[in-house]
Amino acid sequence: MNNIKEVREEMCKVFTSLRDGTLTGKEAKEMNNAAGKIISTLKVEIEHALACNSLPNIPFLEYDK
């Protein structure tokens, strides 16, 4: 996953797989946990930039729309 859009798309696939039974609850939980940790690191970068009164430059949050 190269950007936050891809994380979101993967998490939607996890939801679909859980719903259709091709993924167990335990697997989905672990994948969601990992995605949450990725997102938490982005929050830290944003909070740090705000604390330093600067604009964050986080390529992971950028993607072609």
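Asn3 sits in the segment before α1, where helices (H or I, at least four residues) are DSSP runs numbered from the N terminus. The model is a predicted one, in which local features need pLDDT of at least 70 and side-chain atom pairs count only at pLDDT 80 or more, while totals for chains, interfaces and linings use all residues. Residues are numbered from 1 along each chain as its sequence is written, and side-chain values use heavy atoms, with hydrogens and water left out.

With a relative accessible area of 11%, Asn3 is buried (buried means under 20% relative accessible area, exposed over 50%, partly exposed in between, with a 1.4 Å probe and protein chains only). Its side chain reaches the backbone nitrogen of Glu6 at 2.9 Å. Leaving aside residues up to four places away in sequence, Asn3 touches Phe60, Glu62 and Tyr63, contact being heavy atoms within 4.5 Å.

Phe60, one of those partners of Asn3, belongs to the segment after α2. With residues up to four places away in sequence again left out, Phe60 touches Met1, Asn2, Asn3 and Ile4, along with Val7, Ile38 and Leu42. Phe60 and Lys5 lie 55 residues apart in sequence, yet their C-alpha atoms are 8.9 Å apart in space.

Now for the helices themselves. Two packed helices are described by the angle between their axes and the distance between the axes. Here α1 (residues 4–20) and α2 (residues 25–51) pack at an angle of about 165°, and their axes are 10 Å apart. That makes α1 roughly antiparallel to α2 (angles under 35 degrees count as roughly parallel, over 145 as roughly antiparallel, 65 to 115 as roughly perpendicular and the rest as oblique). Axes are lines fitted to C-alpha atoms, for helices over the stretch in contact, and angles run from 0 to 180 degrees between N-to-C directions.

From α1, the contact draws on Ile4, Val7, Met11, Val14 and Leu18, and from α2 on Gly25, Ala28, Met31, Asn32, Ala35, Ile39 and Leu42. Sorted by class, the contact of α1 with α2 has 10 nonpolar residues, two polar ones and no charged ones. Two of the names in this contact, Ile4 and Val7 of α1, also turn up among the residues that Phe60 touches, and so does Leu42 of α2.

Thr24 is in the loop between α1 and α2 and comes out as partly exposed, at a relative accessible area of 41%. Thr24 and Val14 are 10 residues apart in sequence and 9.7 Å apart in space, C-alpha to C-alpha. Over in helix α2 is Lys29, which counts as exposed at 60% relative accessibility. From Lys29 to Val44 there are 15 residues in sequence and 22 Å in space, again C-alpha to C-alpha.

Finally, Asn53 is placed in the segment after α2. Asn53 counts as exposed, with 73% relative accessibility. The backbone of Asn53 has phi near 55°, a positive value in a residue other than glycine.

Methods
Ala, Val, Leu, Ile, Met, Phe, Trp, Tyr, Cys and Pro count as nonpolar, Asp, Glu, Lys and Arg as charged, and the others, Gly among them, as polar. A polar contact is a pair of N or O atoms within 3.5 Å; within protein, one must be able to donate a hydrogen and the other to accept it, and residues adjacent in sequence count only if both atoms are side-chain atoms.
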